[in-house]
Amino acid sequence: MVNLTYKLYRGGADQAALESARALLNEARLRQEESRRLIEQGVLGAFNAHDIALARLPQLEDLADAAA
């Protein structure tokens, strides 16, 4: 004996809910990717600024010694 139940009178609400959940998941993934990209850009910029500051430090020390 086979018992098959199908929500015939729901008018496609199940499918609409599934598509809505897929859209929300896709939007969340896009936001996560954008956040990851922005964080990467910020970290790379900070490291570059740090490297530049370290490279300038000896020159600035020389200038400070000359000014003293």
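Analyst: A helix here is a DSSP run of H or I, at least four residues long. The model is predicted. Helix α1 covers residues 13-67.

User: What makes E27 and R31 a salt bridge?

Analyst: The rule asks for a side-chain nitrogen of Lys or Arg within 4 Å of a carboxyl oxygen of Asp or Glu. The closest N and O atoms of E27 and R31 are 2.9 Å apart. That value meets the cut-off, so the pair counts. The count by this rule is one salt bridge.

User: Why are E27 and R31 about one helical turn apart?

Analyst: Because they are four residues apart in helix α1.

User: Why is R31 called exposed, and what is E27 called?

Analyst: Exposed means over 50% relative accessible area, and buried means under 20%. R31 has 54%, so R31 is exposed. E27 has 36%, so E27 is partly exposed.

User: How do you know which class L18 belongs to?

Analyst: L18 lies in helix α1. Its relative accessibility is 40%, which means partly exposed.

User: Which residues form the nonpolar patch?

Analyst: I39, V43 and F47 form it on the surface. Together they have about 300 Å² of accessible area.

Technical notes. Residues numbered from 1 in each chain as written. Predicted model: local features only at pLDDT ≥ 70, side-chain atom pairs only at ≥ 80, totals over all residues. Heavy atoms only, no water. Patch = residues over 30% accessible without salt bridge, like charges linked within 9 Å, V, L, I, M, F, W, Y side chains within 5 Å. Areas by Shrake-Rupley, 256 points an atom, 1.4 Å probe, with all protein chains shown as cover. Helix = DSSP H or I, 4+ residues; strand = E, 2+ residues; numbered from the N terminus. Buried < 20%, exposed > 50% of the residue type's maximum accessible area, 1.4 Å probe, protein only.
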